[in-house]
Structures are given as C-alpha cells and as structure tokens.
Amino acid sequence: MMDVRAAGWGVAGDDASAGRAVAGAVLVVAGVELVADLSGALWWPERRMLLVADLHLEKGSACAARGSLLPPFDTADTLERLAWVVAYYGPSVVVALGDSFHDTAGTERLAPEDRAHLASLQRGRDWVWIAGNHDPEPGRDVGGAFARVLRFGPLVLRHEPAGLGTVGEIAGHLHPCARVVQRGRSLTRRCFATDGHRLVMPAFGAYTGGLNVRHAAFDTVFDGTGFTAHLIGDNRLYAFPASRCVG
Amino acid sequence: MSEPAPLETPAPDLPEPFARWFAGRGWAPRPHQLALLAAAQAGRSALLIAPTGAGKTLAGFLPTLVELFETRRRGAKPPAGGGGLFGAAHRRPGGLHTLYISPLKALAVDIARNLERPVAEMGLPVRIETRTGDTPQSRRSRQRRDPPDILLTTPEQLALLLASADAPYLFGSLRRVVLDELHALVTSKRGDLLSLGLSRLFAAAPGLTTVGLSATVADPEELARFLVPQRDGVAQAEIVQAAAGAAPIVEMLDTAEHLPWAGHSAAHALAEIYGLIGRHRTTLVFVNTRSQAEFLFQALWRINEDGHAIALHHGSLDVAQRRKVEAAMGEGRLRAVVCTSSLDLGIDWGDVDLVINVGAPKGASRLTQRIGRANHRLDEPSRAVLVPANRFEVLECRAAIDAVAENAQDTPPLRTGALDVLAQHVLGCACGAPFLADDLFDEVRAAAPYAALTRRDFDSALDFVATGGYALKAYERFAKIRKGADGCWRVTHPRVAQRYRLNVGTIVEEPMIKIRLVKARGAATRGPAGAIGRGGKLLGEVEEYFVEGLVPGDTFLFAGEVLRYEALAEDSAYVSRATAEDPKVPIYAGGKFPLSTYLAARVRDMLASPSTWRRLPDQVHGWLDLQRARSRLPKPGELLVETFPRSDKHYLVCYPFEGRLAHQTLGMLLTRRLERARQRPLGFVANEYALAVWGLGDLSFAVKRGALRLSELFDEDMLGDDLEAWLAESALMKRTFRQCAVIAGLIERRSGGEEKSRRQVTISTDLVYDVLRRHQPDHMLLRAARAEAATGLLDIRRLGLLLSRVRGRIVHEPLSRVSPLAVPVMLEIGRERVAGEASEALLAEAEADLVREAMG
C-alpha cells in the first residue's frame, strides 16, 4: 500500500450541508507531500500551490452548438467549486493542468459573469494555464500565464503523462476513475492515481466523465498494477491497490 | 363492472359474403362482434373487453371490412388486384381507411396473416399491409404515396408517420383506429405517446372512430376514456363486454417436498414440474425473471430423461434464437417453453393445454392473462398450476387463486401523461408542420392521459424543446424550434427533423452488455484484462449493472449454461464455459413488477385471520402458528416491527407487503434515519414482503429507553428531506433521469444512424443530473423524473401510501431471537447480493477487508 494517512485537514464539524466536507489524504510523490482534496484538487502546502486538472469549461455550450442542449450551468458550477477550494487553501499560485477549456473557442463563449468570477479568483495570486489537447493555445481574455510544462523543484507539471520512467510528474488528461466491487455491488468514483513517482489527477470539470484506471491507457503511465487509486468519497478518500480495482 | 352491450340493440345484418363465410364454418357471429359493428355503424367508438380466445381480432376488424365491402359495392370499384400499381394517377378514392396499432411488431405481422385468410376467403377487395421498423424503405415511401386500406403498425411508427409533411394527406381519409392489447399499451410511456398520436389523428380526420381491444381490467370506464377526445368534460367510448369463457381451473401445486423458507428457484418442486410437463401436450412455464428462467431451464434438462423438447424464451436471448423457439412453438414441436413475460402478450400458439406459473403471481389480472395463454378456446377451461417457491409465495398464490375465482382485477390506474413524452411529441409536431402553441395545447389536452395538463407544464415542455428550458437563457442561437412572425413554431433546420426521426419512441433500454463466449483464459482468476480472444459467439445481452457487479472468475447462469466471467471490453463481456455445476453469483434481480397492492392487501388479511389458514398447506399453517406463539401476527391494518439481536448485530424486521421496490426505498431511508439516531446501521435487505435492517445499535433497548420512537422512525416526513438527500445520489434516480432525458431528446440515442455507445450516454446523464439538480431543481426534466420515480423504480407513491396507512398502527415486538416470520428475509442476507443500491459504506467495508488481509 502507498504511504497514506488521514490528513485530518481541519474537519469543520460534521455539517456537510455547509457546502463541502473537509478532509483529504496526504500523498507522497517523489518525496513531496501533497494533499489530495475531496474536491479533486491537489494542494502543495510547501509551495502554497493549488493544482486542478481538466476543467473543461464551456463543454455544455460546445455540445449545445452540436445540437444537444445540455444545461448551461457547467462553467458556473465548476468555477464555484474551484472558488471553494481557493477560498479554503488561499493559494499563492493556481495551476490548471490543461483542457481547462473544452475547445479553443470556449474562451470566447464564456459568459460575462463567469469571466468576472474567474478574474476574481485570479486576483492577488499567480495563475498558470497549462496547454492541453483541447486548448493547445492560450485563450483570449482569461488572465493568467500560459505554459506547456512547468517545473517546480522535484515536480514536473504537464497535461498528458509523458510515460513510464518519468519521476515527479503530476498530470491530468486521463480522467481517472476506479471501480470497486464489494458483495456483488459496484461503486465507481473519480480518483487520484499514483505509484509514488507519478500522479494522475482526476478531472475537475462538471461534465467530465471518467476513464477506468484498469484501461490500457494507464499501462503507459504505471508499471502494471503497481499503483494505488485514491477514490474520492463523500467525506474521505479510500485507497485501493489497482489490483483490487475492476475494469 | 359495466353492463354487457344491450341485447335489444338490433343485430346489424351482415352482408352476404360475411354471412356465408360464417355459415361456411358453422359459426355464428358472436354478440360482441355484432355489438362492435353496431357501434361503428352508429359512428361511435367502442372498447371491447374480452378474454383471450373470444375472437377479438375479427371483432375489431369486422366493422372495417363490412364498410369497405359496402363502399366498394356501391361504386368506386377498386382496380383489380389492389396493390402493385402506384403513382398519383392510380390513387384510389378511398385512401387509408383503418389503422391498427399493437404493442408488438410481431403481433402486427401475425394479425396481418390472420386477417388475410378470411379476406381472401370472402373475396373482399381489401389491401392489408404492415409497417414496422423492419419494413424496407422503398415500401415505406410507397405506402405514403399509395396507402393500403388497412395498415398494421406500432405506436412508434405512428409517431413517425405523423411527424411528416404528408401526414394530412395520409390520414385525411382515415375512418377507424383499432388499438390491440390496449390494457398493456396504456400502462407505459408508450401509451402516453400513443394517446398524443391519437389526438393528432382525431384532429386530422374529424369523422374518426376507434376500437379498443383489451383483456379484463379493473376500471373499464377509465380505459374507455383513452379512446375518445377529452373535450368539455369526460367522454368515453361505448363499452362492449364479451361473455366470459369457461372459468379456469387453477390449483396450487401440493408439493410433497419440504417447502423452502426463502429463495425463488422452486428447485424443490422440480420433479413435480417435470411430471406435469410429461402429462400434458404443451406446457408454458412462466417465471418472473430471466435468471429464474435460466435456472429452471437448466435444471429441467438435467432430469429430462424422456428427452422432452423443452425450450427457453426470454428477452435477453438473441432475437434469432427467440424466433426459432416461437416458430417451433407454432408448429407444435415443443413440449414445454420456460419463459418470462416475453410471452405474456398476444401471439397465438397452437395447443397449450397447461400453464405453470413458478414463483409469485404478483397480480390477479396478470395471472389471469397468463392463464389465458392456455387453451385459446373459450368453451373449455384453461388449466393452470401455481408453484410457489417459498412460504410467503404460498400465501400470495392462495390470495391470487381466490382473486381469479372471484374474477377480481388489479390492473393499475390510467397514467398521467409524462412530460418527457410530451416534449418528444411537441418536436414531432413541429417536424410535421408549423403549429400555434394554443392549438397544440388544446389538442394535447384532448388525450386522456394529458386531460389535466396545465398550461405551465405545456409551456415548459415547449420551452425545453426550443432552447432547453433553462433559467439561464444561453441557447437562443442553438434553438431547435422557433416562433415565427406568424406566431407559428417551426423547426430551425431540416437536421432537427432528421434527428427526431432517429430518436423517436419511449422505450429506453437499460444499458446492455453483450455476452460473448470465448475460450477460458486459464488459471488467472484476477488480473488485467487482455489476452482474451476477441470476437466470440454472441449469446445475448444482460443489463450493464449486473456485469458491473461481477469480478473476473465469478460464475453465473446464462443461455442455459454456467459461464465464467473473464473480462469486459467496450460493450461486451467475455465469458467462457465454466466447469462448475453451481454458479457462484445468484442473480435475482427481482421481477419488473412488484406485488400488486390488491394482492398485498389480501395477503395481509389472510395473515390476520387464522380461520383461513386451514386452506393453506400444513407446513405453512404450522409456520404461522409458530409465529403466533413466538412473536405475534399483525391485526388488520397494523405494521408489525420486530427487533432482536443475532450474533454480534441487532436487527429490525418489518412486514409491509408493498413489494421489493418500495421496500428498498424504505430501507434506504430508514438506514439514513437510524444513522442520525446514532444506531449505527450497517445494511438492509428487502424482498416483496418484508424488510430487514441491521446494525450495531441495540434497537430493542433504544425503543424501551425511549431513545428511539418507531412512530417517528416510520413517520411520513421521511419523504421530505431524507428522500431529497437520497435522490441526490441515488443510482436508481439517475437511471430514471436518464430515461427521461433520452425520451425528451436531451440526449440522443442515435445520431446519423449510429447507435451511441450507451455507456457514454450513462456517464453524461449522471453528470447532467448532478448539475441540473444543483442549478435548476424545478427544471421540466427533473419534474418528469420525479413523477416517474413515484411509480417506477423507487415506487415512492406506494411507500407514501404505506406510511400513511400504518400511522399510529405500528406494533413493536422486541424478541430475544429471530421470529419464524423473519426467517425468510433473514436468509436472504448474504445469499442475495446487497439490496438496494451500492452506498459508500461498501467502500469502507472493502477497505477494511484489505486491511484485515494485510494484517493476516
């Protein structure tokens, strides 16, 4: 099992209706202690850095343009949840690990209120958009800096995992989720996937689905089933070795 | 009960070829056949209620055939040969005369065949054609240009025909609509869709009348409303009641074996069932679920020393396989068929002389219809044997036999039209022709299920179709339909109509996984998928949620074999033949239909009146006596709640008899409340009759000390916040929402002819549900899903009735050990898969298991 212990991050009573439960788990990647938050964000206390992956903002409107009139609340919803974690940790820097917008034109469809909300989150801190395959170029009027890859000490941050052998990599792109079967019932949850050298973050966006960690796509990131999936529950994370997860 | 058609109605004279045809067969037209003819000639719509074998089909078509014959005789002789000629020059003066709609396309095809014969024998110049999903495109186009006299089709095809620009041309001449198996059609959203289509037809063809054909129902007057436009008060069709046939002979199997406490396999009665098959010509063996069908089929073949031709028929089997069985059945080559409700409806198969119903009958009307499958001749009684699989089912069988003897009916009440279906219909209307909202609203309210529709709901459906109906007006530029300067709504792009046509219909299949047979992978029981030979013979399909509960290496029964689950890839589960005889995973996914309210009440009454117990088998009688001695039996109207410890846990068992679905919902809500009362509940299991909840808290003590009040625990207020909180995460609710989203057209099943991967659809609707619930909880789709949940998978309406029924009448019996009545549901713990839904508690449990393993 991975080096996991309950972080007990300032449990704010058991008032779940207050908006979000507060509890995470500490994961160690390349010697760096990171807090996997229940929201799906990752907090690096030492650098006061908050990481989120695959926001896919404006996915709803992208679908609507193709004829599926999905509820247009996804961007507001994603930003609202992001605002919660930002308010909670008060980061100095926020890094969005790519696919922050569902398509390049998404930055133009952003509603004025959502754009203003985003700007307010960026105020007083650094903000970096990392390039993703959905948003390979910098967007218009969305603030922040733009980068393809970022290095901070022992960690490298990028959108798509570079493959086996990379050490200290935090990536997104794969939208990991894991399925556990217990007594004939199956539960699937978004998860953080890590083997201690690399970590793949869950997707943060409201309309982002998941890819099972037992899918072949993860074979290029981890060595067989030698990694752990940290499933995001309602009030805590649950750690399972990948071999215990079902495809 | 309504009166039979008055006999003083002068019997209409049958035209000569008809009279001769009847006489030639030594038959006389039946009174109800003549009554329908009289109603038609007087321009009235009619509902015929008749048992199977009463000549319903001919009765339904007789008015049409007579009318066509007389019209043709008076003049306007059709061109010889009827069909084959097309083009405007040859358009016959008549046009489409009668539309026949059946729930099954196979039934439409079968009826066409049955109708062709008398028409040919009478030499009537009438053209009859079918139109189903299988009809080739060329014939479909020709049918629009040059319609037959009689077209036999399904509700979905009707919707498609109506959603085209030439609908007024096609249906302008329509005189009559015949609706077959109406009792079955009206119970689902297909009935809603049909009612809306019917309303369109009434508008398109003002002289139209209808004929409904139905099995016996609880409330014929209500059903008769479905057949006529509802304007200015309640209108209904004339009811014609056919004479009842010979009363069926129904018995309960008086088993010589030990009656099981629990389970649904009826394995104890296997030899007796086999014996019954051997003593009859052809036997239909009905069971409630596919897995029961699988089990019984396999078990029968294991003891089939006489080599009887016994076949299997259920909805998951490959279509080709099912057609083979049906053909063999038609040719009288089978001795028995083990089947599910897939054979409940209409098609006639020769010589069935015995129906065996294994397991719970669920409802009186349902049982009557199944029994009617035996002996399609009115004058001979049908024979049926009920085989209860456990002790509670004995009570249910007894109640059902009594109900059948009294000819009591318990079909559900007419539906309130669903909003998602309305949305689909609104788009269909726009695809046909531009419309004014006011006109369409009036037309829709003429359909009986929508008679009480409010303008607000109508407008929300319209708004949904146009731009999604969101509080946030973001999609004006992506609108599907738009109101023009003339006030008419029309589609914004031809592509919208194309997509509508690909997605029409209200049958949303559960996400299904194909089962493919491959060679065993060898010793590995768990491990990464891969190294599995792809391809493999297709055995059929099962629900995705079943496969999701499997771990590689699990064995289960399917297509008559014990299979080993190997791997899942895309939309297929790969399985191999297992060597084990007994499957590890018992699938009992409960039947679709819960125990009817009516039968439930009868069973409760039976429990409350010991004087009736002598009519029960001794084993059951003794069981109830023991219960009375060790605990108690609830008096009429009471809900018995027992609490007792067992090993290191504490149990609460109650007996509402409201069906598995309502019990599951109750179980979810009770565990929430017990959690809040700090009683540390761990789980629950529900069956059709009872619910058992267990946990760490000593419930008997908590009640005694006043820390827990049962009246509060079972208070109706659980349908408030607790229900809300649960609905937010309930997988069943999400399934319900998905169905509504697909029907309403938010999510497309098919785009450009390709069926979308259903797994994809499932994921996206769950996310949409979460987002919509947070941001616009009163959105039309959520309201539609709630309405559906009230009667569907969550059966909330029935739970509500239960809670109000038992208010102030809960009797508590603290016990030192499990009671006799509790044994059946207690036995299902562990044996059954966990009841209800997977909750996060299972993750904690799985994690704890891991830790235990690691600690040795």
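**Briefing: chains A and B in a predicted model**

Chain B has 856 residues, and buried residues make up 50% of them. The model is predicted. Chain B holds 32 helices and 28 strands. Of its contacts with a separation of 6 or more, 75% join residues 24 or more positions apart.

**Where the chains touch**

- Chain B puts 38 residues into the contact, and chain A puts in 34 residues.
- Three elements of chain B, β20 (561–569), α28 (758–775) and α32 (841–854), each supply at least two residues of the side that touches chain A.
- The most comes from α28(B), which gives 8 residues to that side.
- Sorted by class, the side of chain B that touches chain A has 24 nonpolar, 6 polar and 8 charged residues.

**The nonpolar core**

- In soluble globular proteins, nonpolar side chains tend to be buried together.
- Here, the largest nonpolar core has 317 residues.
- The members that touch the most other members are A:L51, B:L36, B:L48, B:V285, B:V338 and B:A692.
- What does A:L51 touch, leaving aside residues up to four places away in sequence? Its contacts are A:A41, A:L42, A:W44, A:V95, A:L97, A:L157, A:I170 and A:M201.

**An annotated stretch of chain A**

- UniProt, in an unreviewed entry, places the feature "domain: Calcineurin-like phosphoesterase" at residues 48–140 of chain A.
- Over residues 48–140, chain A is 41% helix and 14% strand.
- The end C-alpha atoms of that stretch are 27 Å apart.

**Helix α15 and B:R391**

- Helix α15 of chain B covers residues 391–405, and B:R391 is found in it.
- Is B:R391 buried or exposed? B:R391 counts as buried because it has 22 C-beta neighbours inside 10 Å, and the cut-off for buried is 20 or more.
- Not counting residues up to four places away in sequence, B:R391 touches B:L259, B:W261, B:V620, B:W623 and B:P824.
- From B:R391 to B:V404 is 13 residues in sequence and 20 Å in space, C-alpha to C-alpha.

**Helix α16**

- Helix α16 of chain B covers residues 419–432, which makes 14 residues.
- How far should α16(B) span at 1.5 Å a residue? The expected span is 1.5 Å times one less than the number of residues, so the 14 residues should span 20 Å.
- The end C-alpha atoms of α16(B) are 20 Å apart, which agrees.
- α16(B) is mostly covered, with 14 of its 14 residues buried.

Technical notes: Residues numbered from 1 in each chain as written. Chains lettered and ligands numbered in written order. Predicted model: local features only at pLDDT ≥ 70, side-chain atom pairs only at ≥ 80, totals over all residues. Helix = DSSP H or I, 4+ residues; strand = E, 2+ residues; numbered from the N terminus. Buried ≥ 20, exposed ≤ 12 C-beta atoms within 10 Å, placed from the backbone. Contact = placed C-beta atoms within 7 Å. UniProt positions renumbered as here; feature names shortened; annotations may be inferred. Nonpolar A, V, L, I, M, F, W, Y, C, P; charged D, E, K, R; others polar. Core = buried A, V, L, I, M, F, W, Y, C linked by C-beta atoms within 7 Å.
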